[in-house]
Amino acid sequence: MSHKLSIDEYDALEQLSKLPRQSKPGVCISRNAKRLCGIKLMAYRKDGTLELTENGRQTLFIKQCIDGLRAIANDPDTALPGPVATFLGKKAHVEVDADTGKLLITQRGRECLADIDAQMQSSK
């Protein structure tokens, strides 16, 4: 994610990912379309409708993983979407507690969150 996105821009990506193909985009998507198309996270199809690009899908997935990691760090009872839990498990950021069966954040996951927080502080 080389571009710093606002909460509103992330919301637009999320809404577009859930929007049926021929549906009219909402205000949030329309308001952010120009910039998100400019940085190639969204694109206009030939029929004029918007779609997420591969970069847009990756950016959204990374945000979901970071949010999921934060959620598990704060509350181990949090349920993560399947692909997010699988990815974080493969990267050894979370592990399943053998006793409770719940996801726990690993040391590597805590270090990753600390690095993300440090990058966010230095970019302000």
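At what angle do the axes of α3 and helix α4 (residues 82-90) cross, and within what distance do they come?

## Helix α3 against helix α4

In this predicted model, the axes of α3 and α4 cross at roughly 75 degrees and come within 10 Å. Because angles of 65 to 115 degrees count as roughly perpendicular, the two helices α3 and α4 are described as roughly perpendicular to each other.

On the α3 side, the contact is made by Phe61, Gln64, Cys65, Gly68 and Leu69, while α4 contributes Pro83, Val84, Phe87 and Leu88. Sorted by class, the residues of this contact between α3 and α4 comprise 7 nonpolar and 2 polar, with no charged residues.

## Helix α3 against helix α5

Helix α3 (residues 54-74) also packs with helix α5 (residues 107-122), at an angle of about 120 degrees and with the axes 11 Å apart. That angle makes α3 oblique to α5, and the crossing in which α3 passes α5 is left-handed.

From α3, the residues Ile66, Leu69, Arg70 and Ala73 take part, and they meet Gly109, Cys112, Leu113, Ile116, Asp117 and Met120 of α5. The residues of this contact divide into 7 nonpolar, 1 polar and 2 charged. Leu69 of α3 is named in the contact with α4 and again in the contact with α5.

## Arg45 in the loop between β1 and β2

Arg45 is placed in the loop that lies between β1 (42-44) and β2 (50-52). With a relative accessible area of 18%, Arg45 is buried, since the term applies to values under 20%.

The side chain of Arg45 reaches the backbone oxygen of Leu50, at a distance of 3.2 Å.

## His3 in the segment before α1

Is His3 buried, exposed or partly exposed? His3, whose place is in the segment before α1 (7-18), has a relative accessible area of 38% and is therefore partly exposed.

Leaving aside its neighbours within four places in sequence, His3 is in contact with Arg35 and Ile39. The C-alpha atom of His3 is separated by 23 Å from that of Lys91, a residue 88 residues apart from His3 along the chain.

Conventions:
Residues numbered from 1 in each chain as written. Predicted model: local features only at pLDDT ≥ 70, side-chain atom pairs only at ≥ 80, totals over all residues. Heavy atoms only, no water. Axes fitted to C-alpha atoms, helices over the stretch in contact; angles between N-to-C directions. Helix = DSSP H or I, 4+ residues; strand = E, 2+ residues; numbered from the N terminus. Parallel < 35°, antiparallel > 145°, perpendicular 65-115°, else oblique. Left-handed = near helix turned anticlockwise from the far one by under 90°. Contact = heavy atoms within 4.5 Å. Nonpolar A, V, L, I, M, F, W, Y, C, P; charged D, E, K, R; others polar. Buried < 20%, exposed > 50% of the residue type's maximum accessible area, 1.4 Å probe, protein only. Polar contact = N/O pair within 3.5 Å; in protein donor to acceptor, adjacent residues only side chain to side chain.
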